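My notebook is open, and I am going to look things up one at a time. Have the model on screen and follow along.

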Amino acid sequence: MGAALLVAVGAPRLWFAGAAGVFFGTFGGFVIAQISTVIGCLLNFAWGRWLARDLLARRNAPRLQRLLGALERAPIATNVAIRLCPVGNAFAFNLLLAASKITPRDFLIGTFIGTLPETLALALFGDSAHKGSVGLLLTGAALMAILTAASILIARSTRRG
């Protein structure tokens, strides 16, 4: 629960995924980190919606309005696609989603699906560090490479569309 609270206030969720892999192995670390990630992101989303939604909605920023519009047209798919990218800031993205009209249900589904691969990769890295396993390290690295490639393909297809 401590990790979830820290994620809710901006601590990098992937640090906890790696640490959980060290302490609880790949599977246990993955499960603990994923639950902490989803709870932390949901808490961040909830307080962000409570604090800032009206403020952001009144702001006349064309780029922000376009981005919010894209999120609202395909909330789960957009959430998943952005979270699959191995770089970014979950805290800031959660707040952006809080400012949108995305439902808490769609936020939860997209966050759960979108954070799964990175959480697994970092739990693998943590477990490989603990065990000194090259196989686990390479598996985590392969997963991160796949995520990077998928992110690039999604970004390119989005620009074309």
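**Entry: Arg-49**

I looked up which residues Arg-49 touches once its neighbours within four places in sequence are left aside: Leu-97, Ala-98, Ser-100, Lys-101, Ile-102 and Pro-104. Contact here means heavy atoms within 4.5 Å. Before going on, I note that this is a predicted model, in which local features need pLDDT of at least 70 and side-chain atom pairs count only at pLDDT 80 or more, while totals for chains, interfaces and linings use all residues. Residues are numbered from 1 along each chain as its sequence is written, and side-chain values use heavy atoms, with hydrogens and water left out.

I place Arg-49 in helix H2; helices are DSSP runs of H or I with at least four residues, numbered from the N terminus. For the terms, buried means under 20% relative accessible area, exposed over 50%, and partly exposed in between, with a 1.4 Å probe and protein chains only. A salt bridge is a side-chain nitrogen of Lys or Arg within 4 Å of a carboxyl oxygen of Asp or Glu.

**Entry: salt bridges**

How many salt bridges does a search of the whole structure find? I get 3.

In one of them, Glu-118 pairs with Arg-13, and the closest N and O atoms are 2.4 Å apart. Glu-118 lies in helix H6 (residues 104-131) and Arg-13 in helix H2, so this pair ties together parts that are 105 residues apart in sequence. Both Glu-118 and Arg-13 are buried, and for Arg-13 I noted a relative accessible area of 8%. Not counting residues up to four places away in sequence, Arg-13 touches Val-7, Thr-37, Ala-90, Thr-115, Glu-118 and Thr-119.

I also found Asp-106 bridged to Arg-105, with closest N and O atoms 2.7 Å apart. Asp-106 is buried, with a relative accessible area of 13%, whereas Arg-105 counts as exposed at 55%.

Then there is the bridge between Lys-131 and Asp-127, at 3.3 Å from N to O. These two residues are 4 apart in helix H6, which means that about one helical turn separates them. Lys-131 is exposed, with a relative accessible area of 56%; Asp-127 is buried, at 3%.

**Entry: nonpolar cores**

I turned to the largest nonpolar core, which has 13 residues. A core of this kind is a set of buried Ala, Val, Leu, Ile, Met, Phe, Trp, Tyr and Cys residues joined through side-chain atoms within 4.5 Å. Which members touch the most other members? They are Phe-45, Leu-71, Leu-96, Leu-97 and Phe-107. H2, helix H3 (62-73) and helix H5 (90-99) each supply at least two residues of this core, and the largest share, 4 residues, comes from H5.

I then checked Phe-107. Its contacts, leaving aside neighbours within four places in sequence, are Cys-41, Leu-42, Phe-45, Asn-79, Arg-83, Asn-94, Leu-97 and Ile-102. Apart from this core lies another, of 10 residues, with Ala-17, Ala-33, Leu-143 and Leu-147 among them.

**Entry: helix H4**

I found H4 mostly covered, with 7 of its 10 residues buried. Those are Pro-75, Thr-78, Asn-79, Val-80, Ala-81, Arg-83 and Leu-84. Ile-82 also lies in this helix (residues 75-84), but counts as partly exposed at 37% relative accessibility. I looked along the chain from Ile-82 to Ile-154: they are 72 residues apart in sequence and 8.9 Å apart in space, C-alpha to C-alpha.

**Entry: the surface**

Which residues form the nonpolar patch on the surface? I list Met-1, Leu-5, Ile-35, Ile-39, Leu-43, Trp-47, Trp-50 and Leu-51, with about 860 Å² of accessible area together. Patches are made of residues with over 30% relative accessible area and no salt bridge, with like charges joined within 9 Å and nonpolar side chains (Val, Leu, Ile, Met, Phe, Trp, Tyr) within 5 Å. Accessible areas come from the Shrake-Rupley method with a 1.4 Å probe, and for residues only the protein chains shown count as cover. The largest share of the patch, 6 residues, comes from helix H2 (residues 13-58). Ile-39 is found in that helix and counts as partly exposed at 33% relative accessibility.
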